[in-house]
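Have a look at the structure first, then read on.

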Amino acid sequence: MKLIEIKKILEAEVLTGEYNPETEIEIGCSSDLMSEILAFGKPGSILLTSLTNIQVINTANVSDIKVVCFVMGKIPDENIINLARKNDVIVFITKLTTFESCGRLYKNGLKSCSYFDLDK
Amino acid sequence: MDNNKTTTKIQELTYELKVEEVMCTDVETVGPKMPVSQLRDVLYNKRISGVPVVNDNELVGIVSIEDFIKCLEQEEMNALVEDKMTKNIKTLYADEPLVHAIMKFEKYGFGRFPVISRKDKKLVGIITKSDIIKGILKKLESVYHDEEERRYRASHIFNDIIADEVFLKFQYFVEGKNFDKAGEASTGLKKTLYRLGLSPDIIRRAAISTYEAEINIVAYTDGGEITAYIDPHQIKIIITDKGPGIPDVEKALQPGFSTAPGWVRELGFGAGMGLPNIKKFTDKMTLRSTVEKGTHLEIIIKLSDYRIED
Amino acid sequence: MNLKDIVQKLDLKVVSGDIDKEISAGYSSDLLSDVIANAQQDNIWITLQIHVNIVAVANLQELAGIILVNGREPEEATLKKAEQENIPILLTELSTFEIVGKLYEMGIHGNR
């Protein structure tokens, strides 16, 4: 799914400036526990979370996750945005809940990363 | 796969690059009162197919070789440029991303767009499709060159050093209880491993496991050290701290077991998955801990697929 | 939508509670404070937390039930408490993203 479609579906705003709307995102994952994302997040996926701190960006960075979407209208502070920019992580925000966001994306065809096919 | 990657990089560049970075600033212009007959020399001498018409620094139109040919056919060579030029012109702002220019070229099918400054609307340049292509290629080359040079230098280090055994050592110091800085060591190591030319999967596994260990230092101790040793066969990472130590190591390794305080949990960690995660992503993990003395964690990731380039 | 239908359709394993309940909407979160603040009555709650406190939160918010994801099982104390309080705990091997997606496809939406 193209990033521009994801943005539309989530009614999201982009906080990291210019981005490539054609970027293909295949997989969605959601958790508020970063260890869970570290364990099963897939490279190139989008992470949906209601947690807003700098460690969400570090987690995305070390896991090669391209896009982080903060849900429920939570606005990350400037440090978070700056770190994201520095590490080429795209940051979205949406007013929707985690449930609504995941539901819409799944219904529109975004795939899930399974916990049980770890690539190691 | 590789093809896709290149396309994406070029697309990214069209968002990063601004019109002013690729446009031609040395713009030939003509005045509105010039007779069409004189256009031939301007267009022919400069080998251009169109030229902006400027009156007192202000862009008033654009006149092209097609306009000239029309006048030639209709024997109107004495007409003034201002009567034959296109007046309702489409322009680009100098600070617009290149992708806007590309979209305009597609939409209108013109050969060129005058570029004006957003501030005072004065003509500052002109852009053609070939300027765009040249600009992207130039940028692509420099981006590629910088990173490749770093990677080349780093990834050949094992070949260039003459010794019976070689290893590289990278050391990072981690502050305890400072969550704002947590992650700096592991993301730094990640970048370093990338420059060494290791495979993305290896880098990711090393970065994730180091990151979990770094979070542990920050969450539970007053600080520690992360030292990575890299040789052609493996990455060995040693994570040490000076306490308080883990009372029951076996229990700490069970998924879900956690002694994390509330503040750690609210930050998205402390669900008892850190050590199990480290174990999952590494080939070997050794954990030793003495209460009140400190913890010593050693992890190894094998580089079986690490090719030493010729 | 009734919790019974969901259990059947999504092949959830029921480990506690009475599942004959109507569901208002879905809520997904792994932060208890967030659930206390934002979940609504009769929501079905999706989480990976297995600590006994999840039962207290579900009770407090009068949630319809809890789905534990990624193959997690509740701690012993959690299970005991859930039986006491008659809170349905359901298990799935699917991830949060996927189970939420499947619930959404069945017509369960997020809170507005």
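In the hairpin of S1(B) and S2(B), 2 residues sit between the strands, and B:Asp56 takes a positive phi near 50 degrees. This is a predicted model, so to speak: local features need pLDDT of at least 70, side-chain atom pairs count only at pLDDT 80 or more, and totals for chains, interfaces and linings use all residues. Residues are numbered from 1 along each chain as its sequence is written, chains are lettered from A and ligands numbered from 1 in the order written, and side-chain values use heavy atoms, leaving out hydrogens and water.

**The hairpin in chain B**
- Strands S1 (residues 50-55) and S2 (residues 58-64) of chain B pair in the antiparallel sense over 6 bridges; strands are DSSP runs of E, at least two residues, numbered from the N terminus, and pairing takes at least two DSSP bridges.
- B:Val51 stands opposite B:Val63 in S2(B).
- S1(B) is largely enclosed by the rest of the structure, because 5 of its 6 residues are buried (under 20% relative accessible area, 1.4 Å probe, protein chains only).

**The open sheet in chain B**
- Its 5 strands run in the order S6-S7-S8-S10-S9, with antiparallel pairing.
- Strands S6 (168-175) and S9 (284-290) of chain B are the edges, each pairing on one side only.
- S6(B) and S7(B) (residues 223-230) pair over 8 bridges in the antiparallel sense.
- B:Lys169 has B:Tyr229 in S7(B) as its bridge partner.

Note on methods:
Helices (H or I, at least four residues) and strands (E, at least two) are DSSP runs, numbered from the N terminus. Buried means under 20% relative accessible area, exposed over 50%, partly exposed in between (1.4 Å probe, protein chains only).
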